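These are my notebook entries on one structure. I set down what I looked up, entry by entry.

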Protein chains: 2
Amino acid sequence: MSELSLQAEKLDAADELAALRTRFVLDDVVYLDGNSLGALPAHVPDRVSDVVRRQWGELRIRSWDESGWWTAPERIGDRIAPLVGAAPGRIVVGDSTSVNVFKALVAAVRMADEAGEGRSEILVDATTFPTDGYIAQSAARLTGRTLRAVTPSQVPDALSARTAAVLLNHVDYRTGRLHDLPSLTSAIHAAGALAVWDLCHSAGALPVGLDEHGVDLAVGCTYKYLNGGPGSPAYLYVREELQPRFDSPLPGWNSHTDPFGMSPDYAPAPGAPRGRVGTPDILSMLALEAALEVWDGVSVAAVRAKSLALTDFFLTCVRAYTEPGRVESVTPERHEERGSQVALRCPDAGEVMKRLIARGVVGDFRHPDVLRFGFTPLYVGFADAERAARILAEELA
Amino acid sequence: MSELSLQAEKLDAADELAALRTRFVLDDVVYLDGNSLGALPAHVPDRVSDVVRRQWGELRIRSWDESGWWTAPERIGDRIAPLVGAAPGRIVVGDSTSVNVFKALVAAVRMADEAGEGRSEILVDATTFPTDGYIAQSAARLTGRTLRAVTPSQVPDALSARTAAVLLNHVDYRTGRLHDLPSLTSAIHAAGALAVWDLCHSAGALPVGLDEHGVDLAVGCTYKYLNGGPGSPAYLYVREELQPRFDSPLPGWNSHTDPFGMSPDYAPAPGAPRGRVGTPDILSMLALEAALEVWDGVSVAAVRAKSLALTDFFLTCVRAYTEPGRVESVTPERHEERGSQVALRCPDAGEVMKRLIARGVVGDFRHPDVLRFGFTPLYVGFADAERAARILAEELA
């Protein structure tokens, strides 16, 4: 047994989160793609079965009240809230991330408008997962603003009295770089603009502190580190002080203050439900609700500590096992700049990932040359990291 | 046994669709709320269980390809297509009805703009289910148009060279009135405007003929007569000739022509997938796909014939059993003007519906004074209609 294998054994033995792995359905694959689709929590199938067979099949329409379907979007929002540092009543679940980016960004521009300063520009993260950029372009077009793409590090210099809102990613989907949410939010506020954060690659992997850092609006998906299932609904956070000013571009009947009054005149609900749109996708939504129970008794700080230890250890193993120069890590070394993934560049990344998957190490490939390995501290251990690095080295050799 | 009971027995015995009831999970309740939430198809629970346990739990990320998750929105669209008279490749499934109304109406206004005639007005059905009106208001605001609410019968006179698009309901959610889609669409086209139809209360209950009648854009939900489950995703239809001009206000990465190319520049996909937005809600979507199998071998014309026979018979029973003047039907007598529901007005409708539900006759109440009874020909029979009318009469007495 190699020294690193022995070290992995010790680290796993000392890992206070190790027992959480039993809360998931896993096999002998090393699953390092939880940053794309989280693993299945073991109790979710029976819960979904109950939703389908009893709530839908037997209670039918009565379940909108009796099974709590109607209030699921805000109830599940409150369940996500502590994971991202939000008080109850700030988050609503529903729709896709893209649709929520649209709601958040248009609403942010409208709030910026209220000051009457003619703020004409939206800034967007130039390195963003593409959908945010596409949707930001549409939001700019529909609100008559210009859109400018800048890297997060360029944001402080790019801010001006023209800036209405800034859309940023907390963790870069490709490199795994963690951006400085507190200081960027402060800089955006100092310029009089609104900060909209996309938490897809950070929520459930590290502390976010939405309330603490005064983030204005935020969105995120729930199928990565929150393990909600394929395409489980996304969420929208609106800072408490801004909730009465949230003016949705998608004012569907679910966001009405009296949805069953069937009034032809729109009157927005107070609080988080104002971010709702149409009838929620109950099966996907209640699977997510069940999945969030794996967080019972789990501290996000402990998850973050393990995440950093895992990615440190994986990088150590990769360096020990792989010929120097064969891959280049594009994930920052500094903990303050690292999310919960390791991204390695090599020219033949697409082919290498196929071979890794065939050997039971599942990461993913991101165009054009990135091997992406996501570390979900709830179910990935140090022996997994060592094994992945070892097999990677063999395939790179 | 009363004469009407005997008649119901004969009608049920002669009903060629009667056997379809076994495709659903039903009990001894008379379920006349399938126009709000369709009953559970019997084979759906096992299919959903497979999606959760095997596709998500075992295959995990591989299911995006291997289980056909990625292509589900257009594959399921093709499954809905014959039910609404559309050829394959015209319909995509995803998001809520409200979100699809937004896509369709903004895209319609943009298409109207291409003619360069400065069409400044959107018309919306004044009797619409409220969400369409709220969303139309938002679409008008974001595209700089005015919105005018008119009843469907007023549409021909309201059309002008200023009209960009008209948003109409095929069947009125409250009264059950069926509007004349072919002639209204023709009138809208004669005025040079685009016709956007909401099919929520018609699809699966009667023939729609989208392609045949040249409808421009259409949306609909799938949890009523299509039995897709609570909050199952909605769909968007775009006429073939208009597909290359469909300019979505929600251009999420799923609608990109090369979504995994991760380009920062948006390039829309051809065809129906251009109506996609973000990651689809797979559990809700694949439950819908399974549910649509109950339509195998079923003719929409036969469904329509039974629907009219059922609502005729129910009205006959209500008239026979209920004191004259106690309720007033707001559902048209003429078949050409009737959807698949019967709406009865009485001042105490809210209380009456509660008592009906307590006695196993499930319809719903629509503010302020409407008892609504939906007839789903796939699983409602004539004896159900007679029993519902009899118990209704007892509760009204």
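Where is the place of B:Asn227 in chain B? I found B:Asn227 in the loop between strand E7 (217–220) and strand E8 (235–238) of chain B; helices (H or I, at least four residues) and strands (E, at least two) are DSSP runs, numbered from the N terminus.

**Entry: conventions**

I note that this is a predicted model, in which local features need pLDDT of at least 70 and side-chain atom pairs count only at pLDDT 80 or more, while totals for chains, interfaces and linings use all residues. Residues are numbered from 1 along each chain as its sequence is written, chains are lettered from A and ligands numbered from 1 in the order in which they are written, and side-chain values use heavy atoms, with hydrogens and water left out.

I looked up phi for B:Asn227 and found a value near 60°, which is positive although the residue is not glycine. B:Asn227 is buried, its relative accessible area being 0%; buried means under 20% relative accessible area, exposed over 50% and partly exposed in between (1.4 Å probe, protein chains only).

I then turned to B:Met262, another residue other than glycine with a positive phi, here near 55°. B:Met262 sits in the loop between E8 and helix H9 (282–291) of chain B. With a relative accessibility of 10%, B:Met262 counts as buried.

**Entry: cis peptide bonds**

I recorded a cis peptide bond between A:His367 and A:Pro368, with omega about 0°. A:Pro368 belongs to the loop between strand E12 (364–366) and strand E13 (370–374) of chain A. B:Pro368 is placed in the loop between strand E12 (364–366) and strand E13 (370–374) of chain B.

**Entry: nonpolar cores**

Which residues have the most contacts inside the largest nonpolar core? I found that they are A:Phe314, A:Phe373, B:Phe314 and B:Phe373, in a core of 208 residues. A nonpolar core is a set of buried Ala, Val, Leu, Ile, Met, Phe, Trp, Tyr and Cys residues joined through side-chain atoms within 4.5 Å. Apart from this core lies another, of 66 residues, which includes A:Ala108, A:Leu142, B:Ala107 and B:Phe246.

I listed some neighbours of A:Phe373, leaving out residues up to four places away in sequence: among them are A:Leu32, A:Phe314, A:Val342, A:Met353 and A:Leu392. Contact means heavy atoms within 4.5 Å.

**Entry: H4 and H9 of chain A**

I checked helix H4 (residues 72–80) and helix H9 (residues 282–291) of chain A, whose axes come within 10 Å and cross at roughly 25°. Axes are lines fitted to C-alpha atoms, for helices over the stretch in contact, and angles run from 0 to 180 degrees between N-to-C directions.

H4(A) and H9(A) are therefore roughly parallel to each other; angles under 35 degrees count as roughly parallel, over 145 as roughly antiparallel, 65 to 115 as roughly perpendicular and the rest as oblique. On the H4(A) side I noted A:Ala72, A:Pro73, A:Arg75 and A:Ile76, which meet A:Met285, A:Leu286, A:Leu288 and A:Glu289 in H9(A). The residues of this contact comprise 6 nonpolar, no polar and 2 charged. Ala, Val, Leu, Ile, Met, Phe, Trp, Tyr, Cys and Pro count as nonpolar, Asp, Glu, Lys and Arg as charged, and the others, Gly among them, as polar.

**Entry: H5 and H6 of chain A**

At what angle do helix H5 (residues 97–114) and helix H6 (residues 130–143) of chain A pack? I read about 40°, with the axes 9 Å apart. H5(A) and H6(A) are therefore oblique to each other. The residues of their contact divide into 9 nonpolar, 4 polar and 1 charged.

**Entry: single residues**

I located A:Ser98 in helix H5 of chain A and found it buried, at 2% relative accessibility. Sequence neighbours up to four places away aside, A:Ser98 touches A:Thr131 and A:Ile135, and also B:Gly252, B:Trp253, B:Val277 and B:Gly278.

I placed A:His43 in the loop between strand E1 (30–31) and helix H2 (44–56) of chain A. At 26% relative accessibility, A:His43 counts as partly exposed.
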